[in-house]
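Please read them with the structure open.

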Amino acid sequence: MRLFFVLIFCCFGLLGGCKSTPSAPEPQPVDPQKLALEQAFNARGFTLSALDNINYLGARQCSNLELQAHRGSIRFPENSLEAVIDALDNQFDVIEIDVRLTRDDVWVIHHDGRTGRETGTIDNKRRKIESIRYEKEWGYLRQRDMQTGALTDTVPPNFRQLAQVFSRYAHSGQKLNIEIKSRAGSRDLEMLDYLAFSIIGQGRYFYSSLELENLKKMRQINDAVFLSFIQSPAKASMNKLAADMKRGAGQDPIFLRNQSMLEDIQGYANRRYREKRYDSAAGLNKLKKALKSNFGIALDIRHYRRNAQGFKSLAHNRGIPVASYTINGHDYHEQSLLGLKRSQLPDSVIIDDSLYGFCSRFALPPMLPYQGSTELTRKLATLPKDLDLSKLSLLETYWPNGLYPAVDGKLKSFKTGAVANKSKASQSEAGGGFVPVIMKTQAGPRENQTQVDLTADDAVKIELRRSEQQ
């Protein structure tokens, strides 16, 4: 019947005529402002993607690290389809997402054990994910804008939906890291792997979990898939997490964020937190016995950096790649990595930042000479290569005072007179007159004394996304 109406409309010209081949779209005029900005970025070794991500023109300056986007792009609600698409566009090697089981055995995308922080409900009731009946209650959930806290109009995806989006938009070599948050039986894990294999394809996804039993069962199901065991965080990291929670109050984002993490840990029912370590020869041998082959280990950066070179060699001698994560905020993770020698860096890092934001802290491509053709690009042509290209909107504020935002989070002066009375040696150390003048400018969250129940187990993952700290 629908086809009949289409044919009728075509015959009477109501659809603009039925043509066998559509006419070619008219060429769109080139925006000179955008073209000039693209040329300025190209001269610095970067390009603007179709989604306005700052991507590398050539090889990135990230010390050969595999970069994993934790819950997708920081520019969109975590674990959302938009976050996955944007992180793929931003050239991340791996997109990490979290899966949980509902009461009626549907694999859904959700990090926390309950609604409240990353999602909300239209009936304003907080729900435990594993108690939800997907067919009857999942439609009540809405994703939350992590910047404003407001609920969006979007229902969180299930795994099938996300896998289809990943399969459609991922480029060759990009992979999906599926972190299994629920303690699942073999039948449910078989269904998860069937969906991943049939939609994404073998070799384009892998699994990670804090639960070794999940990975052991998955190895029985799929003997070829890569598995990443997440070692529980350091006790010092847990203490820091609890201290951060005390700094929050009521509905403050920092309070809700850390409360949800502690609740997630408490779900494993141990009354006292214990570090369960595998970062030793004996521990790696246990993992090898349990997972056979083709597996890796992810360590809290606080654990890893204590013996980075020694443990990396220990793992590599057994053919085991090493990843790092943190529960104490992206800045802490980043600074810890910057403090390591190149040879000590892990193989992979799971981060809450853009690819440009992270890689620019390690090194920047050489800057080619160019002349701008617009007011903005003429200014860019005079500034050094450590200008933070993600903060160009702030340039007009700082420019009249002779300042620019740098990639290390500082404001620097481009007025050579600021160091005119210094020796040549000190000017050289300062970068030829480009000297830091102000450190981090953002204010911290308000403090409040809050009693914290540190009931915990050895299950936690990365938090504090870069975008929440700006």
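1. The model is predicted, and the remarks here should be read as remarks on a prediction.

2. A search through the whole structure turns up one disulfide. The partners are Cys 62 and Cys 359, with their sulfur atoms 1.5 Å apart. That distance falls within the 2.5 Å used to call a disulfide.

3. Which parts of the chain does the pair link? Cys 62 lies in the loop between β2 (54-56) and β3 (66-70), while Cys 359 belongs to helix α14 (residues 355-359). The two are 297 residues apart, and the pair thus joins distant parts of the chain.

4. As for geometry, the torsion about the S-S bond of Cys 62 and Cys 359 is about 135 degrees, so the disulfide is right-handed. Are these cysteines buried or exposed? Both Cys 62 and Cys 359 are buried.

5. Turning to the helices, α3 (residues 81-89) packs against α5 (residues 159-169) with the axes 10 Å apart and an angle of about 20 degrees between them. Angles under 35 degrees count as roughly parallel, and α3 and α5 are therefore roughly parallel to each other. Their crossing is right-handed.

6. Which residues make this contact? From α3 come Leu 81, Val 84, Ile 85 and Leu 88; from α5 come Gln 161, Leu 162, Val 165, Phe 166 and Tyr 169.

Conventions
Residues are numbered from 1 along each chain as its sequence is written. This is a predicted model: local features need pLDDT of at least 70, side-chain atom pairs count only at pLDDT 80 or more; totals for chains, interfaces and linings use all residues. Side-chain values use heavy atoms; hydrogens and water are left out. Helices (H or I, at least four residues) and strands (E, at least two) are DSSP runs, numbered from the N terminus. Buried means under 20% relative accessible area, exposed over 50%, partly exposed in between (1.4 Å probe, protein chains only). Axes are lines fitted to C-alpha atoms, for helices over the stretch in contact, and angles run from 0 to 180 degrees between N-to-C directions. Angles under 35 degrees count as roughly parallel, over 145 as roughly antiparallel, 65 to 115 as roughly perpendicular and the rest as oblique. A crossing is left-handed if the near helix is turned anticlockwise from the far one by less than a right angle, and right-handed if clockwise. Contact means heavy atoms within 4.5 Å.
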